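Let's take a walk through a protein structure together, starting with the chain as a whole and then visiting a few of its residues. Keep the model in view as you read.

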Amino acid sequence: MYTQALDSPGGAAAADAHERERLERFQERIDRDEKIEPKDWMPEAYRQTLIRQIAQHAHSEVVGMLPEGNWITRAPSLRRKVVLIAKVQDEGGHGMYLYSAAETLGVSRGELIEQLLSGRAKYSSIFNYPTLTWADIGAIGWLVDGAAIMNQIPLCRCSYGPYARAMVRICKEESFHQRQGYEIMLTLSRGSAAQRAMAQDALDRWWWPSLMMFGPSDAHSVHTAQSMRWKIKRFSNDELRQKFIDVTVPQAEFLGLAVPDPDLRWDESAQHYVPGPIDWSEFHAVLKGEGPCNRERLEARHAAHEAGRWVREAAAAFAEKHQEPLRAAQAG
């Protein structure tokens, strides 16, 4: 239809006007807080933005299983072991929900996983840091999952329906993960001098990477403004980071731990904590693959992908076998 219009006098202008009208109607739906569903018309840029964000989120959940899974066999008690197994299982489930949400946008799970394995897709920089002690498992739950919740609760009101609905269950489960991590840190901080030192060391190493989880500052964020206009995001990176700092600093004080920021101060007039400068060079280095565990994480995903190849092939053969009678009946 559009090519025919372009062949007629004024066809290009008419097509442009039609496209502008559709974009305006789409934005009006967004402004009314209507949910966009998979079969609805949407701008290609909106679709691609969602694919990029949901895929990165899904990859982060799956890769995020690795630093914690490393401690399942070394958890200090049977209770801790069982809880950690359940948490790692939850993270795998979150990845599956999110891959399914991305598939509603016309991209296959296989494509997304291939992008991750090839290094073309990103996942959260936080998972490229090592878990050196048991306290790191507590710090991940408290800080990393705490930052994730701060970022993800607004996504329950995302303008894209499948993503918003997936986030409702994910956020409920993440809240348990955050409590589990804080309880580990509380136990350590009430323990021996060595245990308190372990908890402080974990906070020292995970604090700044956790702040970087919210992404670059608003002044340097490429996607934030448009994502907020489309209501994919509801708050900017800096707003979410500030909320996290304001909630987490009092928690650290309750634990008797010191936030590793000598410039941190309370601004009475603004009623906010003001942090010192973030070393964004570290953030960009980790994103470029120069983090402590970048190579290790991707190697682990490659190994898991190859180990599961026979399962995928068997499932495909089983599906093909059961399609044969259906094709024969249709042909007859």
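In the protein chain, 75% of the contacts with a separation of 6 or more are made by residues 24 or more positions apart; a contact here means heavy atoms within 4.5 Å. The model you are looking at is predicted, so local features need a pLDDT of at least 70 and side-chain atom pairs count only at pLDDT 80 or more, while totals for chains, interfaces and linings use all residues. Residues are numbered from 1 along each chain as its sequence is written, and side-chain values use heavy atoms, with hydrogens and water left out.

The protein chain has 14 helices and 2 strands. These are DSSP runs numbered from the N terminus: helices are H or I with at least four residues, and strands are E with at least two. Along the principal axes, the C-alpha atoms fill a box of roughly 80 × 60 × 35 Å. Of the 332 residues in the chain, 43% are buried. Buried means under 20% relative accessible area, exposed means over 50%, and partly exposed lies in between, using a 1.4 Å probe and protein chains only.

Now let's visit Val 62, which lies in helix H3 (residues 44–63). Is Val 62 buried or exposed? With 6% relative accessibility, Val 62 counts as buried. Leaving out residues up to four places away in sequence, Val 62 touches Gly 95, Met 96, Tyr 99 and Arg 301. Glu 306 is 244 residues from Val 62 along the chain, and the C-alpha atoms of the two are separated by 16 Å.

Next comes Asn 237, in helix H11 (residues 237–255). Asn 237 is buried too, with a relative accessible area of 5%. Apart from neighbours within four places in sequence, the residues in contact with Asn 237 include Phe 214, Gly 215 and Pro 216. A polar atom of the Asn 237 side chain lies 3.4 Å from the backbone oxygen of Phe 214.

Finally, what about the cysteines? A disulfide is a covalent bond between the sulfur atoms of two cysteines. Here a disulfide is counted as a pair of cysteine sulfur atoms within 2.5 Å, and the structure holds 0 disulfides. Cys 158 has the sulfur of Cys 156 as its nearest cysteine sulfur, 9.7 Å away. Cys 158 is buried, at 0% relative accessibility. For Cys 171, the nearest cysteine sulfur is also that of Cys 156, at 3.9 Å. Cys 171 is buried, with a relative accessible area of 9%.

Methods: Polar contact = N/O pair within 3.5 Å; in protein donor to acceptor, adjacent residues only side chain to side chain.
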